[in-house]
Amino acid sequence: MALQFEKGAQQPSAIQRPTCAMIEYGHFSLSLAFVIALLQLSIPLAGIRCGWSTWTRSADVLSILQFVAVAFAYVVLTIAFVQSDFSVALVAQHSHTAKPLIYKLSGVWGNHEGSMLLWILVLTLFGAAIATTGRSLSIEMRGAVLAVQAAVSGTFMAYLLWASNPFWRLSAPPLDGGDLNPLLQDPGLAFHPPLLYLGYVGLSVAYSFAIAALLIGRVDVAWAKWMRPWVLVSWIFLTLGIAAGSWWAYYELGWGGWWFWDPVENASLIPWLAATALIHSAIVVEKRESLKGWTVLLAILAFSFSLLGTFLVRSGVITSVHSFASDPTRGVFILGILTLFSGGGLILFALRSGMLAPRDAFAWVSRETAIVSNNILLIVAAFVVIVGTFWPLIAELFMGTSLSVGPPYFNKAFTPFFVAIAVVMPFGAVLAWKRGSLKPAFRLMRVPLAFALMLGVLVWSLQGASGVLAPIGLALSGWLMAGSIFEVAHKIRLGRIPIGQSLSWLARLPRRDLGKATAHAGVGLSILGIAAMTAWQIEDIRAVNPGDSYKVGKFTVEFRGVDQVMGPNFVSTRGEFSLSADGQELERLYPEKRFYPAARSQTTEAAIHETLSRHVYVVLGDKREDGSWSARVYFKPLASWIWLGAVVMALGAMLGLADGRSRAPLIPGRSAGRIARAD
Amino acid sequence: MYTARKRRRIQLLLASAALLAASTVLVGYALRDGVSYFRSPTEILSELPPATETFRVGGLVAERSVHRQEGGGIEFQVTDGASSVVVRYMGILPDLFSEGQGVVALGTFDGSKFLASEILAKHDENYMPREVVEALKEQGVYRQQE
């Protein structure tokens, strides 16, 4: 590798001296955090067992100390990256002096060790957040939650300290580093892993709450009120992280696709599906005190799935086109951690879930049933994705054949369940709790339903018989969006009372209800983008010479030539395309092929003409023997809405988070006392 | 109350079981077309696959075998050391595609040529697809890279 070819060079130790000792402080700080985690695991649990509340309370201080120690270690590693301290093995392998500052910072988590340290940092941050904001949670519950958090963070720190330590030094530091994989030197990817990690790790809080509930033997309204915001937060980050990753794959890989059903993508989709189910079932616990056991089980599953995702991404057991920092031996460790936490959690669940009795039953037609069917469909969809993702591994282990499972499988097996979820969603959202009736729900939803069916028929007749994807997709999206609008319109009595009064009703509408409608409409927007782009995309591949002009759909593309451009740490071959419609130039597009000398690799940068109604996506290919260039142009209608829909979903969840009722009671002494006494 | 709860629980369990069964059937059905097997050039030539089957072929891109043709097409040979097949592809090759490197192509074999719909190459210069390594080992030509 790049490390070797500078070996004979002089050691430039003079510049690096300031950070020399720093690195050891960082290493020490991480070890200290590990010891604190052990204390935080054992002392509060002993306190709960023996009824010593001072011991139980110590979890608060310990979790804040643990966070400070990990944060210090993280800052030290970041400084090493910024100062290009190549005596640290990790920095030497993954950084380069010529790299822009932002990618030196993102380089900290662009590799295995650093990304695990970031994971732990977020984990301890959340622990500290529970300790400081969770004052109204009973001391017992808070102590147990923080102890479980410490078990998780301690295990990961042990893994980092003994198996893949980011602070390990090189005895002979090279003059310059091996550079971060150029594909990762991109703003989209710089922020994709931290977002996903915030999501994954947020689910660890839900897991800690579930285990704590099983240990203490109590699941009540307060418990659900406390857990739900964490699930919402982690769901927001997962949604945005998945969207950022998909957007990155779309414009950076240059293949024009937005989802490849790649194991690494599935690794983030599976926990997302479980977290979506968990958000909904936690509402039932909070409102109706039903589905307690199921919600605890979902919380354990959701975190297990995010560990499974980490295992998939980090181990490389399943060949993936975009796993960047993978190593099979590490996979064994993560598999061990996964077995420990999900196995342990499930055993505990089997032993203790009997004590979580529901308060009362619900009728067949009720919001509860709608949410249960949402949950079952989501979990079955997750099961479908898991089977497809692990099938190659199973086939190789048990049948000895080498195969891969492609998009046709996922499209066939996953889509029906997702369509079913979308069909149920607007109906379920307006059913009453406990004992609902289909009639008013149907009366309320007849306009959206008619609108959706008409939209489907209209699309069908306009596009001719070229597949059912677009009519069904657009009908579903119309159904979800119109359904959400009608739900809100009904709640603010639009049309039945004066408009000004309706608006004041809207202002007083619980943000949680508004958030629900927004998030559901966001799903509709994403479906709109997916269906339109998949059904109506036009693709054009050809060899072009400078001056060539040709039609793609209603657009005219003119290839004007190629020039060389220097970047900070790359050389770029840049094509110039002029895009016009109806004789009017819309935009000059500059797709590039970049060559990164330090990493000795090349990347493709697509150029995209973006508006809300369409994308025109241009990729420059290779130079051919006869001097022409290959060029690929796509026309993608409504493509932006795939990601904007995800942003709207996240906004909806944020509204739900901002609702006073979904936050836990904030009067410390009284509510804590009430919860304790109520037992 | 207790019996109502119990009845509801049984009903829900039955509903989930039905849905799980449905999903298993669907999964089994979808796996039939969604799965693509891997074949090395030697395996293709020793037992010709049906022209309708979509599968993957992998190996090294043979030296001096890449030819770009009129209209954007590309042809190259994929070899596992013992035998090789011609792969035809329309489109833009991945960044790390080059002669002497590992490659995996997805497509169909019409009896003489492999018509690729997708060319996969991992975005890492040190990477060699696992199946390719296995195929090369089988032919005894695999060398551990530095």
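Two strands pair if DSSP finds at least two bridges between them. Helices (H or I, at least four residues) and strands (E, at least two) are themselves DSSP runs, numbered from the N terminus.

Before you start: this is a predicted model, where local features need pLDDT of at least 70, side-chain atom pairs count only at pLDDT 80 or more, and totals for chains, interfaces and linings use all residues. Residues are numbered from 1 along each chain as its sequence is written, and chains are lettered from A and ligands numbered from 1 in the order in which they are written.

**Exercise 1.** Trace how strands 3, 4 and 5 of chain A are connected.

*Solution.*
- Step 1: Begin with strand 3 (residues 549-552), which pairs antiparallel with strand 4 (residues 555-566) over 4 bridges. Within this pairing, A:Val552 has A:Phe555 as its bridge partner.
- Step 2: Look at the turn of this hairpin, where 2 residues separate the strands and A:Gly553 has a positive phi of about 60°.
- Step 3: Move on to strand 5 (residues 571-581), which runs antiparallel to strand 4 and is joined to it by 11 bridges. Here A:Gly561 is bridged to A:Glu576, and a hairpin of 4 residues links the two strands.

**Exercise 2.** Is helix 8 of chain A largely enclosed or open?

*Solution.*
- Step 1: Find the helix at residues 221-252; its 32 residues reach 46 Å from first C-alpha to last.
- Step 2: Count buried residues (20 or more other C-beta atoms within 10 Å of their own, with C-beta atoms placed from the backbone). Of the 32 residues, 29 are buried, so helix 8 is largely enclosed by the rest of the structure.
- Step 3: Check what follows: A:Gly254 has a positive phi, near 75°.

Key: Expected span 1.5 Å × (residues − 1). Buried ≥ 20, exposed ≤ 12 C-beta atoms within 10 Å, placed from the backbone.
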